[in-house]
Amino acid sequence: MSKKKPERTGSDRQSTGTGSGFRPSVKLWHRIRKAYIFLQLDIVGMGIAGTLVTMVILSLEPSLAPVVVGLVAYGVYVGDRISDVRYDPQATSERSAFIGRHRRLLSITSAGAYGLAITLSALGGPLALAVTLIPGVTWILYVADLSERSLVPVQRLKTIFVLNSTLVALAWATAMVVLPIVFADAAITPLAIVLAVYFFADIFVNTEIPNVRDIEDDVKNNVSTFPTVVGVKRTRHLLYIINMLSVLVVIGAFLSGFLPALFALVLLAGRVLAVFLNSRIGRSNDYRRLELLGEMNYVFVACGLFIAIIG
C-alpha cells in the first residue's frame, strides 16, 4: 500500500514556482548569450559605434550611415559563420552545431539585412551604394575558394598571411569612415584619413587577437596568421608596433592642428585600452573576452566623445 504524499504548502508551491520560473529565464539568457557569441553580434555594435565616432569628429550631419553599417556587419559576419561550417567543419564545433541548427533562419536574416542595407544606401546615391557593397564583395573574395570554379588555382584569401587581416580591416575602415561622408555629401579631409588609419590599425589588431586562440584550427585548415607564422610572443610584439603607430598618427594629427585636443584625448584613451588588451596576448586564455573588449573599443570611444561634448 503506497503512502499518501504530503500536501504541498503554499510556501512550497511558491518556492517551486519561483524555481521553475527561474530556470527557463536562465536557459533563455544562456541561449541569447550563445547566439551573441557565435554570431559575433558585438561587431554590429562596433560598426555602428565606429560610424558614429566618424560623424561626431568630422561634424557630419545625421544620416542612415550607422544603420547601414550595422546591417552590413550582421549580414557579412553571419554569412561568414555559415561559410565556416562548410570550409572548417572541425573548427569551433559548438559554434558549427549552433549554426547548423539555425542555418536556414540565419541565411534568411543575413541576406535580408544586407538587402535592406543596400536599399537604404541607395537613398544616399550611387557612391553610397558602391561603398556599402565593398564589405560584401570583400567577404566573398575572402571566403570563396576560387580554385573550385577556375582553371587557375587560387587560394582562399582568408588563408593568405597578412592579406587576410588587411582585407578585413580595410573593408570596415572604409565603410565606417567613407559611408557617413558620402551620405553627408562632404569631402574627404586629412582628418578623415587619420580616422581611417586609426580604424584600420585597430581592426587589424582585433582580427589577429582571436587567431591566437584558433592556432590549431588554422594550422589544420592551412590558414596563415600572425600566431601560426611568427608565434604568439612575436605576435604580441608586432601588434604593439601597430598600436604604437596608431598612437603616433593621432598625436601627429593633434600637433598638425586638425584634430582638437579633446577628441585626441578620447582616441588615445581607446588606444590605451587596445595596448592593455594587446599585453594579454599569450598571457590569458580568455581570448573571446579580449576580442569582445577590443571590438567594444569603439563603443568606449563613442561614449567618451558624447560625454566630452555634453560636458
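**Figure 1. Helices α3 (65-87), α6 (126-143) and α7 each give at least two residues to the lining of the largest cavity.** Helices (H or I, at least four residues) are DSSP runs numbered from the N terminus, as are strands (E, at least two). The model is predicted: local features need pLDDT of at least 70 and side-chain atom pairs pLDDT 80 or more, while totals for chains, interfaces and linings use all residues. Residues are numbered from 1 along each chain as its sequence is written, and side-chain values use heavy atoms, without hydrogens and water. One cavity of 30 Å³ or more is counted, and the largest cavity holds about 30 Å³ of space. On a 1 Å grid over the protein atoms alone, a cavity is a set of points where a 1.4 Å probe fits but cannot get out; a pocket is an open set with protein on both sides within 12 Å along at least five of seven lines; lining residues have an atom within 4 Å of a point. Val68, Val69, Val72, Val131, Thr132, Pro135, Ala175 and Leu179 line the cavity. Seven of these lining residues are nonpolar, one is polar and none is charged (nonpolar: Ala, Val, Leu, Ile, Met, Phe, Trp, Tyr, Cys and Pro; charged: Asp, Glu, Lys and Arg; polar: the others, Gly among them).

**Figure 2. The largest pocket has a volume of about 940 Å³.** Its lining comprises 44 residues, and Gln40, Arg81, Arg95, Arg213 and Asp214 are the closest to the centre of the pocket. By class, the lining holds 17 nonpolar, eleven polar and 16 charged residues. A volume is the space filled by probe spheres set on grid points, which are joined across faces, edges and corners.

**Figure 3. The second largest pocket draws at least two lining residues from each of α1 (10-38) and α13 (287-295).** The volume of this pocket is about 160 Å³. The residues that line the second largest pocket are Arg33, Tyr36, Ile37, Asp286, Arg288, Arg289 and Leu292. Four of the lining residues are charged and three are nonpolar, with no polar residue.

**Figure 4. Helix α2 (residues 42-57) packs against helix α7 (residues 163-183) at an angle of about 50°.** The axes of α2 and α7 lie 8 Å apart (axes are lines fitted to C-alpha atoms, for helices over the stretch in contact; angles run from 0 to 180 degrees between N-to-C directions). The two helices α2 and α7 are therefore oblique to each other (under 35 degrees is roughly parallel, over 145 roughly antiparallel, 65 to 115 roughly perpendicular, the rest oblique). From α2, Met46, Gly47, Gly50, Thr51, Thr54 and Met55 meet Met176, Val177 and Pro180 of α7 (contact: heavy atoms within 4.5 Å). The residues of this contact are five nonpolar and four polar, with no charged residue.

**Figure 5. The axes of α2 and helix α8 (residues 190-213) come within 11 Å and cross at roughly 155°.** Helices α2 and α8 are therefore roughly antiparallel to each other. On the α2 side, Gly50, Val53, Thr54 and Ile57 meet Leu191, Leu195 and Phe199 of α8. Five residues of the contact of α2 with α8 are nonpolar, two are polar and none is charged.

**Figure 6. Helix α11 (residues 232-255) and helix α12 (residues 261-279) cross at roughly 175°, their axes coming within 10 Å.** This angle makes α11 roughly antiparallel to α12. Residues of α11 in the contact include Arg236, Leu239, Tyr240, Asn243 and Phe254. Among those of α12 are Ala261, Leu267, Arg271, Val275 and Ser279. The residues of the contact of α11 with α12 divide into 13 nonpolar, four polar and two charged.
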